[in-house]
Amino acid sequence: MTIARTQDVTDEIQRISDVVGVGIIGIQSALRSGQAGEAELAGFQVLLSTASADLLALRDEVGALDVTGLELVPDAESRIELWGWQVGALSQFRKVAAQILEARSIAAQLRSGRRPRTHVVIAGETLQSIAADVLGDWREWERLLDANGLDPAAVLTPGVELVVPERR
């Protein structure tokens, strides 16, 4: 794998994450407006299936990479840099996979006819405080993040309605 290919893979992971995030926002919007019909659900399911397949193919490519045995890498420093990239990429795969799982959970709730629970953000709340209140454990805040397609650095705005995943 060349350095240029590592950037392509990094970009592709981000693209998949962005596509899933936009899909989550779209299905949430349809939910809020009451317009989440079979066509929207079917499109959302296709989007998630495609994203999952793309993510698995990339993960397999990156996971199979034997950085220590690469002859293309000229020196130990470059090899270490590539190994660090590989570890980071595999971490990103796990995050996007969690995002896809949360999105599938929302889609399953919709398909069954149950509307996902929501929470309206109040001034001063954080994802951790909301997770403690609605999921029973502040450490579940990343599930809120994934279920709503939010960026970890996002600032919560009072009045925003968040989708609450089911308790584990």
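Author: Happy to. On a 1 Å grid over the protein atoms alone, a pocket is an open set of points where a 1.4 Å probe fits, with protein on both sides within 12 Å along at least five of seven lines, and lining residues have an atom within 4 Å of a point. This is a predicted model, where local features need pLDDT of at least 70 and side-chain atom pairs count only at pLDDT 80 or more, while totals for chains, interfaces and linings use all residues. Residues are numbered from 1 along each chain as its sequence is written, and side-chain values use heavy atoms, with hydrogens and water left out.

The second largest pocket is lined by Ser52, Leu55, Leu56, Arg59, Phe93, Arg94, Ala97, Ile100, Leu101 and Arg104. Its volume is about 170 Å³, that is, the space filled by probe spheres set on grid points joined across faces, edges and corners. Two helices, H2 and H3, each supply at least two residues of this lining, and H3 gives the most, with six residues. Helices here are DSSP runs of H or I with at least four residues, strands are runs of E with at least two, and both are numbered from the N terminus. By class, the lining has six nonpolar residues, one polar and three charged. Nonpolar takes in Ala, Val, Leu, Ile, Met, Phe, Trp, Tyr, Cys and Pro, charged takes in Asp, Glu, Lys and Arg, and the others, Gly among them, are polar.

Let us stop at two residues of this lining. Leucine 56 sits in helix H2. Leucine 56 counts as partly exposed because its relative accessible area is 42%: buried means under 20%, exposed over 50%, and partly exposed in between, with a 1.4 Å probe and protein chains only. Between the C-alpha atoms of leucine 56 and alanine 97 there are 9.1 Å, although 41 residues separate the two along the chain. Setting aside neighbours within four places in sequence, phenylalanine 93 is in contact (heavy atoms within 4.5 Å) with Ile13, Leu55, Leu58, Arg59 and Val62. Of these, Leu55 and Arg59 also line the second largest pocket.

A nonpolar core is a set of buried Ala, Val, Leu, Ile, Met, Phe, Trp, Tyr and Cys residues joined through side-chain atoms within 4.5 Å. The largest one has 26 residues, and those that touch the most other members are Ile13, Ile16, Val20, Phe44, Trp85, Phe93 and Ile100. At least two residues of this core come from each of helix H1 (3-33), helix H2 (38-63) and helix H3 (76-111), with the largest share, ten residues, from H3. Another core lies apart from it and has twelve residues, including Val121, Ile130, Val134 and Trp141. In soluble globular proteins, nonpolar side chains tend to be buried together.

For context, turn to the largest pocket, which holds about 440 Å³ of space. Among its 19 lining residues, Ser17, Leu145, Asp146, Leu150 and Pro152 are the closest to the centre. H1, H3 and helix H5 (141-147) each give two or more residues to that lining. The classes in the lining of the largest pocket are seven nonpolar, six polar and six charged residues. Serine 17 belongs to helix H1, and it counts as buried because its relative accessibility is 18%. Apart from neighbours within four places in sequence, serine 17 is in contact with Val96 and Gln99.

Now follow the chain past H3. Proline 116 is in the loop between H3 and strand E1 (117-120), and it counts as buried because its relative accessibility is 5%. From proline 116 to isoleucine 106, ten residues away in sequence, the C-alpha distance is 6.7 Å. Alanine 123 is placed in the loop between E1 and helix H4 (127-135), and it is exposed, with a relative accessible area of 59%. The C-alpha atoms of alanine 123 and proline 158 are 5.0 Å apart, with the two residues 35 places apart in sequence.

Finally, step back to the whole chain. It has five helices and two strands, which run α-α-α-β-α-α-β from the N terminus on. Of its 168 residues, 38% are buried. Among contacts with a separation of 6 or more, 70% join residues 24 or more positions apart.
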